[in-house]
Amino acid sequence: MKVPTLVNPVIGAGIAVTFKLFRLTFRIRVRNDQRERVVQRTGKQYALAILHAHQLAALSLSAPRVGAMVSRSRDGDLLMPLLRGNGCVPIRGSSGVGEKGGATALTKMIRHVKDGNPSVIAVDGPRGPRGVAQKGIAMVAMKAEVPIIPVVLIPRRRWIMSKAWDRMQILLPFTLVDAMFGDPIFPTPGESIDDLRAKVAESLRVMEHRMDPEEAAICDQQCRKSSGKRRNKRERSSDEATTQSDDIVQSVGGQDSLVPGVEPNGVAVGADSISLKRQAA
């Protein structure tokens, strides 16, 4: 049976109301929060960098008009009322370049920040690997010319979705949320996107190990396993490509073939090779 399209907004509204009631019971402990100082010092806003697992905790101290990326999936539909109810401006798409709606979302986010609004990006979304910063956060900072402020947010009473790739953390009522901000990371002239996002990922990794060592260790282990799987997949793809190349070489005449019109690697280079075969026949 097809689920009515009205269901997601209704569920989303229920989640938003529930979270807002829960939020009244939260206590927030903030360390090294330099957001206001950065705005006063630079005259610009900032791009807040968080982990995908900490998205709900980040809503507990979101600033007004902060731009937040949300996927175009059904899960994203559920989050829309939650984000709006906490003062965020949802921007549909993904921070991952090449993801569905990614380029459009990044363009909108850059414009939102340039217009004088802060932004928040789950750097390892939408599908991980956990803790690996995608290019989106660096692109927003570079194009909008704003600093990146990393932050980890640890709810001390929580439910962890252990089967999810990011081990999403659900805040429970009356929890204490420990928020630790890292020092602002300013893009420098000539710096590459990869170098900048690596700085962000390392800052978040160090802070999570300090604030939540047990969870950070579990996630590090997951990342190692994920990296190993990706490496094995690449090696298998490389081996398959090599095998296919060897088959081509053997079928054409081998690497040492001296037939005119055939390169030493066995690949025919034009019509001469065809005419030679006809003459031989």
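This section describes helix packing, salt bridges, backbone geometry and one surface patch in a predicted model.

Helix packing comes first. Two packed helices are described by the angle between their axes and the distance between the axes. Helix α6 spans residues 136–144, and helix α7 spans residues 193–211. Their axes lie 8 Å apart and meet at an angle of about 115°. Angles of 65 to 115 degrees count as roughly perpendicular, and α6 and α7 are therefore assigned to that class. The crossing of the two helices is right-handed. Methionine 139 is a residue of helix α6. Its relative accessibility is 23%, so methionine 139 counts as partly exposed. The C-alpha atoms of methionine 139 and leucine 196 are 9.2 Å apart in space. In sequence, 57 residues separate methionine 139 from leucine 196.

Helix α4 covers residues 74–85. Within α4, Gly76, Leu78, Met80, Leu82 and Leu83 are buried. Glycine 87 follows just after this helix and takes a positive phi of about 85°.

Charged contacts were examined next. Side chains of opposite charge can pair when their charged atoms come close. A search of the whole structure gives 12 salt bridges. One of them joins aspartate 212 to arginine 158, with the closest N and O atoms 2.8 Å apart. This pair links distant parts of the chain, 54 residues apart. Aspartate 212 sits in the loop between α7 and α8 (213–252), whereas arginine 158 belongs to strand β7 (residues 158–160). The relative accessibility of aspartate 212 is 6%, so this residue counts as buried. Arginine 158 has 24% relative accessibility and therefore counts as partly exposed.

An α-helix has 3.6 residues a turn, so residues three or four places apart point the same way. Aspartate 194 has a relative accessible area of 40% and is therefore partly exposed.

Arginine 35 and aspartate 33 form another salt bridge, in which the closest N and O atoms are 2.9 Å apart. The relative accessible area of arginine 35 is 15%, so the residue is buried. Aspartate 33 is partly exposed, because its relative accessible area is 32%. Salt bridges also connect Arg29, Arg31, Arg156 and Asp178 in a network.

The backbone holds several further features of note. Most residues other than glycine have a negative phi, and most peptide bonds are trans. Asparagine 32 has a positive phi, near 60°, and is not a glycine. Asparagine 32 is placed in the loop between β1 (27–31) and α2 (35–42). With a relative accessible area of 39%, asparagine 32 is partly exposed. Glutamate 145 likewise has a positive phi, of about 60°, although it is not a glycine. Glutamate 145 belongs to the loop between α6 and β6 (148–155). Its relative accessible area is 53%, so glutamate 145 is exposed.

The bond from glycine 125 to proline 126 is cis, with omega near 5°. The bond from glycine 128 to proline 129 is also cis, and its omega is near 5°. Proline 126 lies in the loop between β5 (119–122) and α6. Proline 129 is likewise in the loop between β5 and α6.

Val17, Leu21 and Leu24 make a nonpolar patch of about 340 Å². Valine 17 is part of helix α1, which runs over residues 7–23. Exposed residues are those over 50% relative accessible area. Valine 17 reaches 51% relative accessibility and therefore counts as exposed.

Terms used
Residues numbered from 1 in each chain as written. Predicted model: local features only at pLDDT ≥ 70, side-chain atom pairs only at ≥ 80, totals over all residues. Heavy atoms only, no water. Patch = residues over 30% accessible without salt bridge, like charges linked within 9 Å, V, L, I, M, F, W, Y side chains within 5 Å. Areas by Shrake-Rupley, 256 points an atom, 1.4 Å probe, with all protein chains shown as cover. Salt bridge = Lys/Arg side-chain N within 4 Å of Asp/Glu carboxyl O. Helix = DSSP H or I, 4+ residues; strand = E, 2+ residues; numbered from the N terminus. Buried < 20%, exposed > 50% of the residue type's maximum accessible area, 1.4 Å probe, protein only. Axes fitted to C-alpha atoms, helices over the stretch in contact; angles between N-to-C directions. Parallel < 35°, antiparallel > 145°, perpendicular 65-115°, else oblique. Left-handed = near helix turned anticlockwise from the far one by under 90°.
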